[in-house]
Amino acid sequence: MIEATKWLSEQEASKALKVNKKYLDVLRERGDLKPGCHWRSSTDPKQLPWKPKVNYRISVCKEVIEYLQINDNYFDQIAS
């Protein structure tokens with residue numbers, strides 16, 4: 001089991017949260033996932049500055065996704 005407070009890469013988070021990477025992008029763009037709380041830019045010095053990789057904090061992202069699965073029609077559209 002993945003530690004709840006751990007920050008994971010986009011691919012790892014997608015797998016742990018059982019959603020695709022595009023859905024995570026949409027949640028960031030819509031403001032459902034907040035920078036600093038739910039996600040942060042990777043500190044990898046090799047990445048390009050204009051398209052940084054993102055890491056997600058699983059415990060708080062899971063809460064948001066579970067809420068949206070129940071209360072947001074958009075989840076149904078993108079999940080199908």
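**Strands, helix and charges**

Modeller: Strand β2 (residues 39-41) and β3 run antiparallel and are joined by three bridges. Strands here are DSSP runs (E, at least two residues), as helices are (H or I, at least four), numbered from the N terminus, and two strands pair if DSSP finds at least two bridges between them.

Biologist: What should I know about the model and the numbering?
Modeller: This is a predicted model, where local features need pLDDT of at least 70 and side-chain atom pairs count only at pLDDT 80 or more, while totals for chains, interfaces and linings use all residues. Residues are numbered from 1 along each chain as its sequence is written, and side-chain values use heavy atoms, leaving out hydrogens and water.

Biologist: Back to the strands. Which residue in β3 stands opposite W39?
Modeller: That is Y56. Y56 is also the bridge partner of L8.

Biologist: And how do β1 and β3 pair?
Modeller: In the antiparallel sense, over three bridges.

Biologist: Switching to helix α1, which residues are buried there?
Modeller: A13, S14 and L17, in a helix that spans residues 10-17. Buried means under 20% relative accessible area, exposed over 50%, and partly exposed in between (1.4 Å probe, protein chains only).

Biologist: Why do A13, S14 and L17 count as being on the same side of α1?
Modeller: Because they cover an arc of only 105° around the axis. The arc is that of the directions from the helix axis to the C-beta atoms.

Biologist: What covers the buried residues of α1?
Modeller: The cover includes β1 (7-9), α2, β3 (54-57) and α3. Contact means heavy atoms within 4.5 Å.

Biologist: And what is on the face turned away from the buried side?
Modeller: The exposed residues Q11 and K15. After α1 comes K18, whose phi is positive, near 60°.

Biologist: New topic. How many salt bridges are there?
Modeller: Three. A salt bridge is a side-chain nitrogen of Lys or Arg within 4 Å of a carboxyl oxygen of Asp or Glu.

Biologist: Where is D25 relative to R28, its salt-bridge partner?
Modeller: Both are in helix α2 (residues 21-30), and being three residues apart they are separated by about one helical turn. R28 is partly exposed at 22% relative accessibility, and D25 is partly exposed at 25%.

Biologist: What does D32 pair with?
Modeller: D32 forms a salt bridge with R30, and their closest N and O atoms are 2.6 Å apart. D32 has a relative accessible area of 23% and R30 has 38% relative accessibility, so D32 counts as partly exposed and so does R30.

Biologist: And E66, what is its partner?
Modeller: K62, with the closest N and O atoms 3.9 Å apart. E66 and K62 both lie in helix α3 (residues 58-71), four residues apart, about one turn of the helix. E66 is partly exposed at 39% relative accessibility, and K62 is partly exposed at 45%.

Biologist: Which ring does R28 lie over?
Modeller: R28 lies over the face of W39, at 5.2 Å from the ring centre. A charge sits over a ring if NZ of Lys or CZ of Arg is within 6 Å of the ring centre and within 35 degrees of the ring normal.

Biologist: And R40, where does its charged end sit?
Modeller: Over the ring of W7, 4.1 Å from its centre.
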